[in-house]
Amino acid sequence: MLWITLVVAASFFVAFIAMGYFAVQEREEQHGREGAAAPADTPFAKPGKCPLCNAPLRRPATSEEIVFAVEHRIDAELRDIALALHSAPESFGRIFQA
Amino acid sequence: MTAIEKLTEAELFAGLSDEQARTLAGLASRRNAAAGETLFRLGDPADEFYVVRRGRVELTFPLVVMGETKDTRFQSLEAGRTVAWSALVPPYRLTLSARASTEVELLAFERSRVLQVFERHPVVGHVVMSNLSRVVAARLHEVVALWVREVQRNVSQTYR
C-alpha cells in the first residue's frame, strides 16, 4: 500500500513539474512573437520622429514647412522603395512596408 | 566624351549602337533653363520629351495646403534621366509639372520626328520603346508602393 502511495505521489510530482515547464515555454514563445511584431508598430511608437529615417520632426506651422515635410517624406519613401526593389527576391515584399 | 557617347548613357537610349544614336542625335535640340524656371505644367500637351544633360529637374504635383496650391516635389531627375516621356505615350498629356532646381541643360526631342526615325529604323524604335517601358514600369512600381504604404498606415492607425 505504501509503495502504491509513493508511486502515485511521484507521478503527481512529475506531472506538476512538466506542466510548469510547458507553461514557461509557452510564455517565452508568446514574448518572442510580440517582439517580432514590434517593428511594424514602430512608426506609431515614436511620435515626432520621421518614421523612415528617424529624424526629429516638429509640427509644421506654415504651408512652406508642410510642403517641406511632405517632400522629405516622399524622398525617404522613394529611397526606401528603391532599396527594396533592388534587394533579394525574398525580401521584395518590403516595398509595401512603411 | 562625344555627344553620341553621352546619348547612349541616357536611360532611354541605352543599348543603341553609335550609328543608331547618331540618327537620333541629329534630331535633338538643346534647351537651357535657369534654376527655378518652370519647364512645363501638368496637363500641357506633350509634344516633345527631354533628356537631362546637365543639372537637376524636379517633377512636381499640386498640393493644396492651408487653402494655397503649392508645387510639391515628387522626384528629382539628374543627367541621363528622361523628362516628359508622356510625349511618347497616348494621350500625350503631361501628368506632372517640372521645374529646374539648378541651372539645367536638356536635349529636346520632338515626337513626330522621333516616330519618323522609328518607322525608318524599327530596331531603334524597339530599343528606345523597350527602355521607355522600363522607365514607365519603375514609376508604376514606385507609385503603387507609395499608395500601398499609405493605405497600410491608414488601416494600422484606424484599426489599432
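Two residues are taken to be in contact if their C-beta atoms, placed from the backbone, lie within 7 Å. Helices (H or I, at least four residues) and strands (E, at least two) are DSSP runs, numbered from the N terminus. The structure is a predicted model, in which local features need pLDDT of at least 70 and side-chain atom pairs count only at pLDDT 80 or more, while totals for chains, interfaces and linings use all residues. Residues are numbered from 1 along each chain as its sequence is written, and chains are lettered from A and ligands numbered from 1 in the order in which they are written.

**View 1. Helix 2 of chain A meets helix 4 of chain B.** On the chain A side, Glu77(A), Leu78(A), Ile81(A) and Leu85(A) take part; their counterparts in helix 4 of chain B are His141(B), Glu142(B), Ala145(B), Leu146(B) and Arg149(B). Helix 2 of chain A packs against helix 4 (residues 122–158) of chain B at an angle of about 115 degrees, and their axes are 10 Å apart. Axes are lines fitted to C-alpha atoms, for helices over the stretch in contact, and angles run from 0 to 180 degrees between N-to-C directions. The two helices, helix 2 of chain A and helix 4 of chain B, are therefore roughly perpendicular to each other; angles under 35 degrees count as roughly parallel, over 145 as roughly antiparallel, 65 to 115 as roughly perpendicular and the rest as oblique.

**View 2. The side of chain A that touches chain B.** In total, 14 residues of chain A are in contact with 19 residues of chain B. Helix 2 (residues 63–85) of chain A supplies the largest share of the chain A side, ten residues. That side of chain A has eleven nonpolar, one polar and two charged residues.

**View 3. The open sheet of chain B.** Four strands of chain B lie in the order 1-8-3-6, with antiparallel pairing; two strands pair if DSSP finds at least two bridges between them. At the edges are strand 1 (29–33) and strand 6 (82–83) of chain B, each pairing on one side only. Strand 1 and strand 8 of chain B run antiparallel and are joined by five bridges, and Ser29(B) has Ala108(B) in strand 8 as a bridge partner. Strand 3 and strand 8 of chain B, also antiparallel, are joined by six bridges; Arg54(B) has its bridge partner in strand 8, Glu105(B). Strand 3 (residues 48–54) and strand 6 of chain B pair in the antiparallel sense over two bridges, with Thr82(B) in strand 6 as the bridge partner of Val51(B). Helix 3 (residues 111–120) of chain B packs on the sheet and touches strand 3 and strand 8 (104–110) of chain B; the direction of helix 3 makes about 60 degrees with that of strand 8.

**View 4. Backbone geometry around Pro91(B) and Tyr92(B).** Most residues other than glycine have a negative phi, and most peptide bonds are trans. The peptide bond from Pro90(B) to Pro91(B) is cis, with omega near 10 degrees. Pro91(B) is placed in the loop between strand 6 and strand 7 (97–100) of chain B. Tyr92(B), in the loop between strand 6 and strand 7 of chain B, is not a glycine, yet has a positive phi of about 55 degrees. Tyr92(B) counts as partly exposed because it has 14 C-beta neighbours inside 10 Å. A residue is buried if 20 or more other C-beta atoms lie within 10 Å of its own, exposed if 12 or fewer, and partly exposed in between, with C-beta atoms placed from the backbone.

**View 5. Met66(B) in a loop of chain B.** The loop that holds Met66(B) runs between strand 4 (57–65) and strand 5 (68–77) of chain B. Although not a glycine, Met66(B) has a positive phi of about 50 degrees. Met66(B) counts as exposed because it has 9 C-beta neighbours inside 10 Å.

Methods: Ala, Val, Leu, Ile, Met, Phe, Trp, Tyr, Cys and Pro count as nonpolar, Asp, Glu, Lys and Arg as charged, and the others, Gly among them, as polar.
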